[in-house]
Amino acid sequence: MRTRLLAATLTALAAVSLAACSSSGSGAGSDKATTAAGSPTSAAAAAASSGSPASPGSTPAAPAPSGTGAADGTTGAPAGSPPGASAPGPDASAPAKPAPPADAGLPPKPDADATGKVVAALNAIDPAIVGGKPDQAVEQARKQCQSMYQFPKDTAKLVELADRNFTSPDHPQGFGPDTAAKINDALRATLCPSPR
């Protein structure tokens with residue numbers, strides 16, 4: 001709406017300037033201004049010079065600048081936006097919701113006490129899960145915690161991811177869905193923060 005009003009005002013101002021230039025010239029110029037008195041542009045000029053606003057039907061709609069969409073208000077981006085920009089939501093004052101950080105849900109590296117709890121819980125399920133590499137097991141556990149944060153209610157996906165994250169030389173394809181579900185339970189109890 002503001003864009004249309006601005007376009008109408010600029011059109012009226014241009015018409016007034018044009019009329020002033022043509023009337024300051026020779027008598028023939030003023031004749032041209034007089035004969036064009038019925039045109040929409042001169043009606044807008046007359047309205048602008050008298051101080052009254054032009055009626056909605058008296059000025060033609062200004063063409064929309066290139067890249068800003070149609071003049072009927074169906075544009076997706078505000079005037080002057082770069083091509084491909086999207087319009088703000090219905091409440092223009094609300095900022096766009098930022099994407100979560102890449103490490104969302106990833107717990108900090110545990111201290112020695114917490115590491116011991118995680119390793120003990122995984123060893124209680126199957127000693128081959130840790131396989132003598134506690135640091136590697138803890139890193140796998142942290143990645144699984146991040147998956148739990150991203151998919152808090154998708155139990156099947158979390159079992160699949162645990163089966164994929166926890167492997168060993170004897171179990172290169174994982175430990176199976178039953179063991180993966182137990183791993184998830186153990187991590188919830190020892191390392192992973194509670195879901196959102």
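1. **Basis.** The model is predicted: local features need pLDDT of at least 70, side-chain atom pairs count only at pLDDT 80 or more, and totals for chains, interfaces and linings use all residues. Residues are numbered from 1 along each chain as its sequence is written, and side-chain values use heavy atoms, with hydrogens and water left out.

2. **Helix α6.** Helices are DSSP runs of H or I with at least four residues, numbered from the N terminus. The expected span is 1.5 Å times one less than the number of residues. For the 17 residues of α6 that gives 24 Å, and the end C-alpha atoms are 24 Å apart, which agrees. Its buried residues include Ala-137, Val-138, Ala-141, Cys-145 and Met-148. Buried here means under 20% relative accessible area, exposed means over 50%, and partly exposed is in between (1.4 Å probe, protein chains only). The buried residues of α6 pack against α4, α5, α7 and α8.

3. **Helix α8.** This helix covers 177–190. It has 14 residues and reaches 20 Å from its first C-alpha to its last, close to the 20 Å expected. Thr-179, Ala-180, Ile-183, Asn-184, Ala-186 and Leu-187 are buried. They cover an arc of only 165° around the axis, which puts them on the same side of α8. That arc is taken from the directions from the helix axis to the C-beta atoms. The face turned away from the buried side carries the exposed residues Pro-177, Asp-178, Lys-182 and Ala-189. Cover for the buried residues of α8 includes α4, α5, α6 and α7.

4. **Nonpolar core.** A nonpolar core is a set of buried Ala, Val, Leu, Ile, Met, Phe, Trp, Tyr and Cys residues joined through side-chain atoms within 4.5 Å. In the largest one, which has 17 residues, Val-118, Leu-122, Ile-129, Ala-141, Phe-166, Ile-183 and Leu-187 touch the most other members. The largest share, 5 residues, is from α6. In soluble globular proteins, nonpolar side chains tend to be buried together.

5. **What does Leu-187 touch, leaving aside neighbours within four places in sequence?** Leu-187 is in contact with Val-118, Leu-122, Ala-141, Gln-144, Met-148, Phe-166 and Cys-192. Contact means heavy atoms within 4.5 Å.

6. **Disulfide.** The cut-off is a pair of cysteine sulfur atoms within 2.5 Å. The count comes to 1 disulfide. Cys-145 is joined to Cys-192, S to S 1.9 Å. Cys-145 lies in helix α6 and Cys-192 in the segment after α8, so the pair ties together parts that are 47 residues apart in sequence. The torsion about the S-S bond is about -85°, so the disulfide is left-handed. Cys-145 is buried at 2% relative accessibility, and Cys-192 is buried at 8%.

7. **Salt bridges.** The criterion is a side-chain nitrogen of Lys or Arg within 4 Å of a carboxyl oxygen of Asp or Glu. The whole structure has 4.

8. **Lys-117 and Asp-113.** The closest N and O atoms are 4.0 Å apart. Both residues are in helix α4, 4 residues apart, about one helical turn. Lys-117 is partly exposed at 48% relative accessibility, while Asp-113 is exposed at 53%.

9. **Glu-139 and Arg-142.** Here the closest N and O atoms are 3.1 Å apart. The residues sit 3 apart in helix α6, about one helical turn. Glu-139 is partly exposed at 31% relative accessibility. Arg-142 is buried, with a relative accessible area of 10%.

10. **Asp-185 and Arg-188.** This bridge has its closest N and O atoms 3.3 Å apart. Both residues lie in helix α8, 3 residues apart. Asp-185 is partly exposed at 49%, and Arg-188 is partly exposed at 40%.

11. **Is Ser-168 buried or exposed?** Ser-168 counts as buried, at 12% relative accessibility. It lies in the loop between α7 (155–165) and α8. Not counting residues up to four places away in sequence, Ser-168 touches Ala-128 and Phe-175.

Methods: Helices (H or I, at least four residues) and strands (E, at least two) are DSSP runs, numbered from the N terminus.
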